[in-house]
Amino acid sequence: MFSKSINLNWGERSFNIINYTVIALMVAVTLYPFINVLAISFNDSIDTVRGGIYLWPREFTLKNYNTIFSYTSLLTGFKISVLRTLIGTLIGLMSASMLAYTLSRTDFRSRKFISVFLALTMYFSGGLVPIYILMRDLHLIGTFAIYVLPGLVSAFNVFVIRSYIDGLPYALQESAKLDGANDFQIYYKVILPLCKPVLATIALFLAVGQWNAWFDTYLYNGNKPSLTTLQYELQKILDSTQQGSAMNNANDLAKQMAQVSPESIKMAITIVVTVPILVVYPFLQRYFVGGMTLGAVKS
Amino acid sequence: MKTLPSAGTTQNVDVPGLKKKQRFWAGIVREKYLLLMSIPFVLWLFVFNYLPIWGWTMAFQNYKPAKSFSEQKWVGFDQFKTLFHDHDFYLVLRNTLAMSVLGLIAGFTIPILFAILLNEVKSMPFKRVAQTITYLPHFVSWVVVAGIVTSMLSLDGVVNNLLIWLHIIHEPIQFMAKEHWFWGIVTGSDIWKETGWNAIIFLSAITGIDKELYEAAKVDGAGRFRQMWNITLPGIRSTIMVLFILSVGHLLNNGYEKQLLLGNSLVVDYSQVLDLYALNYGIKIAHFSYGTAISMFNSVVSILLLFTANGFFKKFAKESIM
């Protein structure tokens, strides 16, 4: 009996050691690329060509960041990305929560029909080409609206908000109704303020989706320099210098040096594009875990 | 409209003889705010999600953008015949399925494993830090991830240097230029980006398992591995099943952005997926009908896969989404 319990403890302990090691390794593998990118972005761009930057810059400089702030296309891209993130998130939040509220009302006769109509969109899609033709017929190509309109209502977001509203006490709506509030006022004055946690989650999803979107710019607005987004501009720069990294051997070193310092600049832009997300993300973490779970249970 | 009584009066009247029509309109009036708050979105859904289905008619035409619908020439299944006789189509289908299946396997096993391991961590600060960091890449765009992956896998990148330092290889490998590496690179990038995020759902399913089960197992002498295998895994079985059915439905729609961003002309035989194939034909060189046929094939097969998976699991595992 005695030896068995010691055995068990020993087994427990070795299990813990292995478990913590595996997780620590996964954390390291996730984190390391970011550290590497950060180090390269702060390293002198000519020195970077020599390779061997791993954890910290060898020749620290802020020059790369100074350089990229003079790229005008990046500034336009930044402006458009901020705009689409703000507008897209705001409109998306309003529409998803409004629709979610009507679907949470058990006395609403069209509720069943709309729910099914909405849920079906999760399972099928017309496909890339028919959607493209539709956008063209609606004259949305080459406009800012195409960033916001097509993704306005997402079934997933609506159902997440609805299941949150379902969890709220109905008595609050009842008393508002007795006070003479109409359905819109109940939504706006009673429901919305109570939904803050779930709205924070959805706002995060929407904002990240808008900020990170690249394909719609590529497909619809690629030849409209005034409407291209930051991700699109970043991709163009990453792509144009990709050949550079493919021929990074000694023979091409001189050629590389003469070029406009690809790698470090690339990484500096990558950091600039990523940082806004890294800044807001830890604050919203406690919300989105709840939101994810809510959506999974209901949908 | 003239005969429409005010909402207040009809609400109280429950006379059976009252016309159905009248009651209908009274209901509309009573629900006018709810309708105003939902009908615009129903119309919106109709336009942006349902109207493209109508666009499938193009697959049976020789669609010319300048002509109206009635002027289009109908060609029956000609576009599909061309499609099914196209050698490239099978190549593209192979790539799509290969990357999807790899993604499906890796996208389930690794997050489940990660969630189970994370659940066994007793130190809360360690657990929280691990979660915060592993969720992070989910929020980074594919453009950035593709940039990072390309940089890591370049000739003098970290991966090559590490492999040389470990004496696994002697010459750096041109990962991004070798086509047989492509599927692995896409799957690996996906694992790096989404493992932490996908583990959230499994982790929260695990917290729903009755703690007493573990206590009982411990009394019976079950070790940690036995507990994971006999309690944790069966406890999250239905979560796994439901997510799996949904994923099977998306087997052909497993994204194209990452393939587009990570691919290049050297690896195109392994990187091209159905959506990109449709994009190249349907939009870039304006063969709209042919592109639509590809898109339609993709969507129809997806729906069929979803129903098949749902039916299969309903019958054999008593789990379903519908």
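This is a predicted model: local features need pLDDT of at least 70, side-chain atom pairs count only at pLDDT 80 or more; totals for chains, interfaces and linings use all residues.
Residues are numbered from 1 along each chain as its sequence is written, chains are lettered from A and ligands numbered from 1 in the order in which they are written, and side-chain values use heavy atoms, with hydrogens and water left out.

Chain A contains 16 helices and zero strands; helices (H or I, at least four residues) and strands (E, at least two) are DSSP runs, numbered from the N terminus. Of the 299 residues in chain A, 49% are buried, that is, under 20% relative accessible area with a 1.4 Å probe and protein chains only. In an unreviewed entry, UniProt places the feature "transmembrane region" at several spans of chain A, among them residues 20–42 and 141–165; such annotations may be inferred rather than shown by experiment. Residues 20–42 of chain A are 96% helix and 0% strand, with end C-alpha atoms 32 Å apart.

Chain A contributes 94 residues to the contact and chain B 88 residues, where contact means heavy atoms within 4.5 Å. Between them the two chains bury about 8,200 Å², 74% of it on carbon and sulfur atoms; buried area is the accessible area (1.4 Å probe) lost on putting two parts together, summed over both. A:Phe15, A:Phe117 and A:Tyr123 supply 8% of the area that chain A buries against chain B, more than any other three residues.

One pairing across the two chains joins helix 6 (residues 128–137) of chain A and helix 15 (residues 274–284) of chain B, whose axes come within 9 Å and cross at roughly 40°. These helices are therefore oblique to each other, since angles under 35 degrees count as roughly parallel, over 145 as roughly antiparallel, 65 to 115 as roughly perpendicular and the rest as oblique. From helix 6 of chain A, A:Leu128, A:Val129 and A:Tyr132 meet residues of helix 15 of chain B including B:Asp275, B:Ala278 and B:Ile283.

Helix 15 of chain B is itself mostly covered, with eight of its eleven residues buried. Among them are B:Asp275, B:Ala278 and B:Ile283. Just after this helix, B:Ala286 adopts a positive phi of about 60°.

Methods: Axes are lines fitted to C-alpha atoms, for helices over the stretch in contact, and angles run from 0 to 180 degrees between N-to-C directions. Buried means under 20% relative accessible area, exposed over 50%, partly exposed in between (1.4 Å probe, protein chains only).
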